[in-house]
Each structure stands twice: as structure tokens, then as C-alpha cells.
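Notebook open. My entries follow.

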Amino acid sequence: MSELSWWILAACLTAYAVKLCGYFVPRKVLDSPTMSNVAATLTIALLASLVTVNAFTSGQELVIDARIGALAAAILALSFKAPYLVVVVTGALAAILLRATGLAA
């Protein structure tokens, strides 16, 4: 096996061990309001960082293109409490229009 294979195997075993440790956490800890609040906050923070990275980067560099306009349109649709599918279609249409008009790369 190559050195990379050993690193991949070690990462897989570590991930499995961390998941296995979750089964040993007492139910009282998992059901506490603090843990529920932390889990909800972490989920939102991870999703926000994923959206930010995907909207403002390409590879290793920051870019400004149609994705930012699409994100702004989707946020606007969300502010009007539009259904999920409408938000996605609004963002896609905004990106298409921005590229078609040449306002964004």
C-alpha cells in the first residue's frame, strides 16, 4: 500500500471511532436544552459557511460573478417566505439573467 492509502485508512478509522464514541454519550446529555441549542447553531453555521465558500470562491481565489447575484435573489425570495423550490428557481433565473446580459461572468 502507498503512503496515501495509509492516510486514507487512518482517516476512515478515525471517523468511525468518533462516530462510535457518540453511542457512549448518555441520553441525559443529548436531551439537554443546551445540547439542542448547540446542535442547531452548529448546523446553521456550517450551512452558512458552505454557502459562502461556494458563492465567493473558485478554487483558491475569491471571485465576483453571477453566483453572488443568484444568492442575493435567493435571499430576497427567502425574505418573502417563498417555498424552497421557488427560492432555488429564483436564484437560478437570476444567475441566467446576469450571465445573459453580461453583467456577471
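**Helix α5, exposed side**

I started with the exposed side of α5, where L85, I96, L97, A100 and T101 are exposed. I took exposed as over 50% relative accessible area, buried as under 20%, and partly exposed as in between, using a 1.4 Å probe and protein chains only. Helices are DSSP runs of H or I with at least four residues, strands are runs of E with at least two, and both are numbered from the N terminus.

**Ground rules**

I am working on a predicted model, where local features need pLDDT of at least 70, side-chain atom pairs count only at pLDDT 80 or more, and totals for chains, interfaces and linings use all residues. Residues are numbered from 1 along each chain as its sequence is written, and side-chain values use heavy atoms, with hydrogens and water left out.

**Helix α5, buried side and length**

Next I listed the buried residues of α5: V87, G91, A94 and A95. Viewed down the axis of α5, these buried residues fall within an arc of 95°, so they line one face of the helix. That arc is taken from the directions from the helix axis to the C-beta atoms. I then asked what covers them, and the cover includes α4 (66-79).

Helix α5 runs over residues 84-101, which is 18 residues, and at 1.5 Å a residue it should span 26 Å. The expected span is 1.5 Å times one less than the number of residues. The end C-alpha atoms of α5 are 26 Å apart, which agrees. After α5 comes G102, with a positive phi near 80°.

Which residue has a positive phi although it is not a glycine? I found K81, at about 60°. Most residues other than glycine have a negative phi. K81 sits in the loop between α4 and α5. K81 is exposed, with a relative accessible area of 74%.

**A66 in α4**

I looked up A66, which lies in helix α4. A66 counts as buried, at 1% relative accessibility.

**Whole chain**

I counted 5 helices and 2 strands. Along the sequence they follow the pattern α-α-α-β-β-α-α.

How does the radius of gyration of the chain stand against a compact globule of 105 residues? The chain has 20 Å, whereas such a globule would have a value near 13 Å. The radius is taken over C-alpha atoms, and the globule rule is 2.2 Å times the number of residues to the power 0.38. The C-alpha trace spans about 55 × 45 × 20 Å along its principal axes.

Buried residues make up 12% of the 105 residues. I also noted contacts (heavy atoms within 4.5 Å). Among those between residues at least 6 apart in sequence, 34% join residues at least 24 apart. The chain exposes about 8600 Å², and carbon and sulfur atoms supply 75% of it. That area comes from the Shrake-Rupley method with a 1.4 Å probe.

**Cysteines**

I searched the whole structure for disulfides and found 0. My criterion was a pair of cysteine sulfur atoms within 2.5 Å. C12 is in no disulfide, and its nearest cysteine sulfur, that of C21, is 16 Å away. C12 is partly exposed, with a relative accessible area of 47%. C21 is in no disulfide either. C21 is partly exposed, at 49%.
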